[in-house]
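Open the model in your viewer and keep the selection tool ready. The stops below go residue by residue.

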Amino acid sequence: MPSTSITRRSLFGMVSTAAVAGAMPSLFAPQPAHAQLANANPFTNTQDLFTSLARGFSFQNFMMDAYASGSTIRLSQSYSDAALQATGFTYDNAVAIHAYLSRGQQDDLARAKTLGLGLLHAQATNFPVADGRFAQAYFVNAPDSSGAFITPAAFPFFFYGSSVGDQAWAGMALAQLYRRTRDKQYLTGALLVANWIVTNTYNTQGPGGYSYGTIIDQFNQSQPSPNGKSTEGNLDTYAFFTMLHTLTDGGSANNGMTWAALAQHAIQFVFAMFNSQGPFFYTGTLPDQITINPSPIPEDCQTWSYLAFLDTRSRGTIDWALANLQTTDTASSPNSNLTGSQTVSGLTFSDVSLTSPANDPHAVWLEGTAHTAAALTARVLRGGEPLPALLTDISKAVQLLKDIEHAQQILGVGQTAGGKVIPSGLGVVASSSVLDTGFGFTYGPSLHIGATGWYLIAGFAANPFQLGYRVIG
């Protein structure tokens, strides 16, 4: 079968025609005064937040139950039907697990465990190679021979490739499940994919780090990806291996290197991609694995770096994203999908997204908007800044959550999953209009479990890059 160059973010043709997190019950033990600041609610009506987040979880449940329910092993469909049919992306399902664990109610935990078992089944049966890796995506609308609703995402997509970022996200979800449940099968799966990353992507060229991953060629053979190394993928790998260092009590990979040393190999690469004058992180290297790729500059590298490191070196990248990637989409924007008086504000995908001639240069990426809210909240909870700076951060995080809540209310009406109409006002669309990422693919206004999942994560002040979702050391 032909391989695909589409990454986990690539959604060609995906065009379908609320308050502060501190209002939620505390997720953590009592914290110092600077952390308690995040529990202050500047709004008089907190019901909007509770209602909006509860509706977001209802959307996640709807998508997860589109074809099967209960304890049936399965993965969730990622987007509404018109986007990519019954495709469930590995990354999106990892985000859904993190969202369920962030709230952690009894049904949330049961659903997170079921999706975790779905990841383990996908790993054990992965086509065409089952060696610990995950494919980019799977079809989730029909059972395989064992009854699990997970089959290869073949024609017309062939989502068989395995990027290091997707592997690390699946691994982080399994690691968090193991920490919560102490069910060793989740740790076993996490270690399998971690060793796959080390065996197949450990790279010593230039600034080191981990290469992009693998593709599947027309003969169903695994080959190294021709893409350059990814800053985002190395951020993910650092966080994942740091979790394994803790969960294995300082253990080692199959090659004898400790997980701590392997995590440092990733962070070494990430900071080689740092532009201190921005400050921002470049997206990674060119295909030669050495030369920095100067454009585009994406949002996720900026906010995820702070969520992963929680350090002074990366804290300014959040401000770079806010200063350079914020936008407002209106019906009068070029090529906008909005109508009438609709407006949506937030962040876009990259700096190049803002200059797109073919799509809407003001399209808002709702997932990235949630990333930024989560990073700002993490910066508040981390503390160590003057009170005015903390107040500014939490105020901006609140506004971004309100922007997403507004989009949740007005967009995605009438879309379906598994042929069933999704009730209005539950999920969050990927982007307000068709958005050019600058990387050769687009997002569109289809309801999305990844965007909704990140909204829920941010709404619960959680941090999926930290074991146990704590944002304070």
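The tour visits a charged patch, then a loop residue, then a helix residue.

This is a predicted model: local features need pLDDT of at least 70, side-chain atom pairs count only at pLDDT 80 or more, and totals for chains, interfaces and linings use all residues. Residues are numbered from 1 along each chain as its sequence is written, and side-chain values use heavy atoms, without hydrogens and water.

**Stop 1: the patch.** Select R179, R180, R182 and R470. Together they form a positive surface patch. Patch members have over 30% relative accessible area and no salt bridge, and like charges are joined within 9 Å. The place of an Arg charge is taken as CZ. Areas come from the Shrake-Rupley method with a 1.4 Å probe.

Now pick R180. It sits in helix 6, residues 164-181. Helices are DSSP runs of H or I, at least four residues, numbered from the N terminus. R180 is partly exposed because its relative accessibility is 38%; buried means under 20%, exposed over 50%, and partly exposed in between.

**Stop 2: A68.** Go to the loop between helix 2 (47-64) and helix 3 (81-84), where A68 lies. With a relative accessible area of 11%, A68 is buried. Beyond neighbours within four places in sequence, A68 contacts R74 and F149; contact means heavy atoms within 4.5 Å.

**Stop 3: N234.** Which helix holds N234? Helix 8, residues 231-247. N234 counts as buried, because its relative accessibility is 0%. Show its contacts beyond four places in sequence: G209, Y210, A266, F269 and V270.

Key: Patches are made of residues with over 30% relative accessible area and no salt bridge: like charges are joined within 9 Å, nonpolar side chains (Val, Leu, Ile, Met, Phe, Trp, Tyr) within 5 Å. A salt bridge is a side-chain nitrogen of Lys or Arg within 4 Å of a carboxyl oxygen of Asp or Glu. Lys and Arg count as positive and Asp and Glu as negative; His and the chain ends are not counted. Helices (H or I, at least four residues) and strands (E, at least two) are DSSP runs, numbered from the N terminus. Buried means under 20% relative accessible area, exposed over 50%, partly exposed in between (1.4 Å probe, protein chains only).
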